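Here is a short briefing on a protein model.

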Amino acid sequence: MSVTSYQKFNKGELTQLLDIAREAIRGHLSTGVIKTPQLDLYHKKLLAPSACFVTLEVNGQLQGCLGSTVAYSPLVLEVHNKARASAYEDRRFMPLTEDQLDGLTIEISVLSEPQIVDIESEEALIEFLSSHKVGVILSNANEQALFLPQVWKQLPKPQQFVRQLKLKAGWNAAYWSPNITVKTFTVSSLKGKYNTIKGKYF
């Protein structure tokens, strides 16, 4: 079993993506007119198709998190679209409002390509995750659940991590099937407050 490696994004590149996400949210609230990023302003690395998630929190509480494991368009457009969707289209939450902006943080996660891991049992998965704190996708037929690697901060024990992931998929805590597919991935991520001073996140 191996963990995926891929070309990572540096802080400067991730900061540009945070700026894109912030502008998508700001445009919706201020004018209702959302301008898509001007592609010729960005390095080719940020124009390559890449999958991403955008996570929003208000005062430390989840406010929206949407993304995809498949790259459909240039990364700058993926971030723009996912930021807008996370703010206003995540059905688990009411749309973001202007009075929430002071407590709003944005986190960009750019995913590596998920790789299938040969896992024969839940015990084998837990053993694997005890030394690999990666993102995980569990799928079986039409049911699927994903946790980003950042979830390890809230669920540090592999048993707890797997249990909650199964519940997210709609299965019971004791469920396991030989038909479950396990995929793992890594991310390049950066988190910053929505409000900025002199163009820098704080």
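Two strands pair if DSSP finds at least two bridges between them. With that in hand, S109 stands opposite S189 in β8. This is a predicted model.

**Sheet with β1, β2, β3 and β8**

- This open sheet has 4 strands in the order β2-β1-β3-β8, and the pairing is antiparallel.
- The edges belong to β2 (61–67) and β8 (187–193). Each has a single partner strand, so one side of each is left without a neighbour in the sheet.
- From one strand to the next, the twist averages 15 degrees.
- β3 covers residues 104–111 and pairs with β8 over 7 bridges, in the antiparallel sense.
- In β8, the residue opposite S109 is S189.

**Helices on that sheet**

- Helix α1 (residues 11–30) lies across β1 (52–58), β3 and β8. Helix α1 runs at about 125 degrees to β3.
- Helix α3 (residues 75–88) also packs on the sheet, where α3 touches β1, β2 and β3. The direction of α3 makes about 35 degrees with that of β1.

**Sheet with β4, β5, β6 and β7**

- Here 4 strands form an open sheet in the order β4-β7-β5-β6, with antiparallel pairing.
- β4 (115–117) and β6 (143–147) stand at the edges. One side of each has no neighbour in the sheet, because each has a single partner strand.
- Neighbouring strands are turned against each other by 25 degrees on average, direction ignored.
- Strand β5 (residues 135–140) runs antiparallel to β6, and 5 bridges join them.
- V136 stands opposite F147 in β6.

**Helix on that sheet**

- Helix α5 (residues 158–168) lies across β5 and β6. Helix α5 runs at about 135 degrees to β6.

**Cysteines**

- How many disulfides are there? The count comes to 0 disulfides.
- The cut-off explains the result: a disulfide needs a pair of cysteine sulfur atoms within 2.5 Å.
- For C52, the closest cysteine sulfur is in C65, 10 Å away, so the two are too far apart for a bond.
- C65 is in no disulfide either; the nearest cysteine sulfur to C65 is that of C52.
- Is C52 buried or exposed? C52 is buried, with a relative accessible area of 0%.
- C65 also counts as buried, at 18% relative accessibility. The cut-off for buried is under 20% relative accessible area.

Definitions and conventions. Residues numbered from 1 in each chain as written. Predicted model: local features only at pLDDT ≥ 70, side-chain atom pairs only at ≥ 80, totals over all residues. Heavy atoms only, no water. Buried < 20%, exposed > 50% of the residue type's maximum accessible area, 1.4 Å probe, protein only. Helix = DSSP H or I, 4+ residues; strand = E, 2+ residues; numbered from the N terminus. Axes fitted to C-alpha atoms, helices over the stretch in contact; angles between N-to-C directions. Contact = heavy atoms within 4.5 Å.
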